[in-house]
Amino acid sequence: MRTVLAIALFFASTLCAAEHWAFRPIVRPEVPKVGTPGSSPVDAFIIAKLEHEGLKLSSAADRRTLLRRAAYTVTGLPPTADEVSRFQSGGTPFSDVVERLLASDAYGERWARHWLDVVRFAESHGFEMNQPRPNAWRYRDYVIGAFNKDLPYDRFVQEQIAGDVLGVPEATGFLVAGPWDQVKSPDPVLTANQRADELHDIVSTTASTFLGLTVGCARCHDHKFDPVPQKDYFAIKAVFEGVQHGEGELPKAAAEQAELDAIRREIDVVQNQIDESEPIATRAQSVPRAPVSPARNIERFEPVTVRRLKFSITRTTDAEPCIDELEVYSTSGENVALAKAGTVATASSVYPDSAIHRLEHINDGRYGNGRSWISNERGRGWVELTFSNRVTISRIVWARDRERAFKDRLATEYEILAADDGGELAVIASSADRADFKQGAGESDTPIDHPLLAKLRALEKKYAARKEGERVYAGSFTAMPPATRRFHRGDPMSPREEVSPGTLSCLEANFVAASHDAALTEDQRRRLSFARWVIDARNPLTARVMVNRIWQYHFGEGLVGTPSDFGAKGAAPTHPELLDWLADEFIRSGWSIKHVHRLILNSAVYQQASAPTKEGLQRDASARLLWRFPPRRLEAEAIRDSVLLISGTLDRRVGGPGFSFFEPNENYVRVYAPRSEWSSETFRRMVYGTVVRQRPDGVFGVFDCPDAGQIAPKRTRSTTPLQALNLLNSTFMFEQSQRFAAELQRSKSNLEGQLRLAFERAFQRTPTADELTAAHSLAEEHGLPIFCRALLNSNEFVYLF
Amino acid sequence: MRHDPIVSNAGRWLLDRRNFLRYGGTGLSGISLLSLLAADKSLAPQFSAEKPYAPRLPAKAPAAKNVLVIFCSGALSHLDVWDYKPELIARHDQPLPGNDKLITFQGENGNLVKPLWEFRPRGQSGKMISDMLPQLADLADDLCFVHSMTAKSNTHGPAENQMSTGFILDGFPSMGAWATYALGSENQDLPAFVAIPDPRGIPQVGPNHWSSGFLPAVFQGTAFNADKPIPNLATPKGISPSAELGTRDFLKILNDSHLAAHPGDSDLSARIASYELAAKMQLSAAEVGDLSRESKATLDLYGVTGGDDLKSRFAKNCILARRLIERGVRFVQLFNGAYAMGEGVGNWDGHKSLKSQYDVHRQILDQPCAALIRDMRARGLLDETLVVFVTEFGRMPTFQKGASGRDHNPHGFTVWMTGAGVKRGFSYGATDEFGFKSVRNVTTIYDLHATILHLLGLDHEQLSYYHNGIERRLTDVHGEVLHDLLTTA
């Protein structure tokens, strides 16, 4: 047996792309001519295979079972008893039910949770400290929204890899959804290993999520089974070399930004008025002018008419000088230095390969280190402005960083020179008459006691309060990523040759420059190019992998049993033609996920009964060939959400910050003690519970919730005594039983009515006579909550048929 | 051929059956497959959904049936207790040769510092051990030391991950999960794998130590200690025994009629069985945690009495560990040290002031832990139980610059074993003359894990589980059994 398998694997690895099924182009297959007239292509493929094995499709499931099944697989919630009885009484075609379910918010909430498993999403860092990521939930909301509006999958893929370029900055939460070790050290070996592990997580998750390939296996050596040489791993690593874990600010809405700009202009007016009291530079001073400040410096002089102006630096506090903005004011108070006024800047040199330190930032009207110029000479450098016309100026304002984050690279010795058309440059201001700069001193940037100072400070405060935008944990990006080198045996301490960004060498669609848009940074270009390769029509993996995931979450098992491994070591598809037909439909539909849902849900295969047959069990016990709908236990989320729904407490609010399963804690190594009380803010769907790495919820986590340390493209399904203890004895369940009972008592006045309603809510059916008798005696003797608790512990409640 | 899932392609079957067991571990109606599975010994461990903890025989006769891991969280300094280095004493306050600019985890280092406790010969073997842990030192003739252990990371989180799961990253199954996945348990009424957190809290990477990772959740360790029972073990207050009984009866009626309507679905009966197991566990777990029947002599031996609260609570955990092993629980982890209180305050992370910090911790650890070994020996439990004493890495032979403590050192440290299958009064491997780096018989955590599995009758290269493209093992792609340590090679 082993030999046979070994040969098969050997074939796959040596013959590369041409021979392994997953790498072959998608060819739309002929639909087999089987089944009854009117049956769908999905049915035809399944029936053909069943017939070949001497099996057949089961008859249609009863309407109650079908509705419950569809409600759960599409929305993760049970139908109401009313919905069931309406559907049972006929009239409504099932396809209408499908549309209703797919249109509900609950659909996105359900399917986003599946996606979050695939991408190892959590809202804490993991490892030792495991502190929270308070703004990671925006990515969860992004995913819910994407499913609900049926965002085309090709777009969904691109946004998650390069959303910052595509106007969806929260989507790159995907890249940094994995663990990140917060414990940092001066030890360079540890630091290099941590960085290598971070990027490994990003590379391997990107490949497994979209391509269904275990590219991560090629970190230390060529992949043993799939055509992924080690250099491909590092080529993909180079694509993500600019990605760092961290938060970023979301862009503001236009109205907010306009308001902010208005405050800015008001500040400028007041500031200019205050600046008028600054001493004139170069004039003999009885007391020296204030020392230079990193945050703001004013140079006032007698009005002079000039055509060009040069700021020449001859000493800095350290390193190459930095100026975030050079403002030159005319006597009428207008900043004539701005590029948009036609002024052209030149410089002695510019800091190489930087997106944030650029010459055009010297006069772009924007402040801060992120929009600054740095020379490429230690301790010196100059900038020269040539105005579009002759201008009469009397004041210059400059700084290292007006946002006050940086104090290094400050010019301490400089001259400002100016010249009129054809004239020689002459000094109009300099550092000569300033007091000596002392580190930490000289922070004051305006004269004290100015009558307008209070107004200025108030405006600045107002500005600062509004400037802080919404934040998201979606990574931060280095415009010009450092060089990527292949690591011998994956060891960062053994770097070898440099590797350029690229894709999988065996798939012919090669890495094409996505855009020559100069507005993109090198990092952005790399990620966008990679994303476009992933969704390139010549890449057969992307569509196959996604339709298989959709299939899996409906039937409990994919056509390919290893959903994130389509390589030679993964499982082969049970129905390769159906997989390709679905993939082709997916692409033709414009990558519509809902279209694939419709194809599946409206098939007889999906709608068949789940009862076992002797032949079926004998020939295909796990029902991989789908001679019945395979029953299964519901997931943790579906159980918790159902409990809340039928007890009448479920809060259906969509989106926003999550609730916590744990007691509050501020320890630097975060302590997660399961909460002992459940207040109503926790009665939302479980997808809105803050996901803590290593620590699934204390009640429902034992129902195979992933711990988000590694990807979980397919959950295990365990049955354990701890699950029983939690459902029987947890405070959460006990309280919910009481709430369920209270809800029944509100709705029905007599016990029998209450019991019947309970069965309808929990099972969407009426009780049998025996059940009713037993329920009566339990509730009468021990109270309605005890009966409710029992109902919520039954097999029928947690199994899907 | 591999594209056809059902016809009798051997390779295809292999995958299918494996997947059936792994993903459909509680899959539906395994009946028709079970006979086929029995024929193939090379496959992954087989367990039924109804009885996931049913004892399973390993391929080879095991030397040990159970494992007790004692984990000192925070990195216990090997140099101050187990690893005697005369040269370190002789060159006290001199620079570590060849490493004058060495940057370790927290930064720069000062000069060599001799052990903070005196070493003296112990027992018949004359093994040199310091006065830091005098009662454990007295057991020297019982212990099997590995002085040349190395770790892959010098950070607590990843290093603790490696010691308990084999990988420095989050998300991998722990040693106890692997062991119970392979072997089930000898006791069907208790969890197969129990983690006993320190009374001060959980260790640095907390539940990763007892995680099932991508193995079925049924093999996850259950964490409880003498202070805190299994969560949700007790029936809620306000539910009388008769109400509980009535509930069980009613559930049986519901589940029986449901089962009758869905014949042949073994998942359903497995879940019914899990409720029966839960009921038994309520009794058994309460019994195992009830120390009231332990004799005064036992309580005194462990140090439960004597007035020190933390020591007393840790001592109770030690008794709990013995009681679990006694009752056939397959894998027990006993933790000494927790992180919530901060660096070195509640654990062995002695960066700043090692002497004063360890003077607290050693009092808590020494007597109860030594009593546990003695007691297990006296009761004959060590005949079938392997005890492994570990920490995530060692510490530097120098003090940190400007501090009175030692920085992290993954290059050489000491672990020891005792009990079933390992030599007594034996030392293996060595660090260099200062105790900085392993130089003789250098061992890895993979080797340690391979050895533990070997003693359980398991081949670390065979025990695997498919996860996303890789047959994952506890030992990754490494590990050599340390035959020199074993009583029978």
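Which residue forms a salt bridge with B:Glu108? Select B:Lys401: the closest N and O atoms of this pair are 3.5 Å apart. Remember that this is a predicted model.

Stay on chain B. B:Glu108 sits in strand β3, residues 107-112. B:Lys401 is in the loop between β12 (398-400) and β13 (408-409). The two are 293 residues apart, so the bridge links distant parts of the chain. Colour by accessibility next. B:Glu108 is partly exposed at 47%, and B:Lys401 is exposed at 55%.

Now go to chain A and pick A:Asp275 and A:Arg296. Their salt bridge has its closest N and O atoms 3.0 Å apart. A:Asp275 lies in helix α11 (residues 254-275) and A:Arg296 in the loop between α11 and β3 (297-316), so the pair ties together parts 21 residues apart in sequence. Are these residues buried or exposed? A:Asp275 is buried, with a relative accessible area of 0%. A:Arg296 is buried too, at 12%.

Next stop: A:Glu585 and A:Arg28. Their side chains meet in a salt bridge of 2.8 Å, N to O. A:Glu585 belongs to helix α15 (576-588), while A:Arg28 is in the loop between α1 (2-19) and α2 (41-52). That pair spans 557 residues. A:Glu585 is buried because its relative accessible area, 13%, is under 20%. A:Arg28 counts as partly exposed at 31%.

Return to chain B for a network. Select B:Glu287, B:Glu294, B:Arg322, B:Arg323, B:Glu326, B:Arg327, B:Asp375 and B:Arg379 together; salt bridges link them.

Notes: Residues are numbered from 1 along each chain as its sequence is written. Chains are lettered from A and ligands numbered from 1 in the order in which they are written. This is a predicted model: local features need pLDDT of at least 70, side-chain atom pairs count only at pLDDT 80 or more; totals for chains, interfaces and linings use all residues. Side-chain values use heavy atoms; hydrogens and water are left out. A salt bridge is a side-chain nitrogen of Lys or Arg within 4 Å of a carboxyl oxygen of Asp or Glu. Helices (H or I, at least four residues) and strands (E, at least two) are DSSP runs, numbered from the N terminus. Buried means under 20% relative accessible area, exposed over 50%, partly exposed in between (1.4 Å probe, protein chains only).
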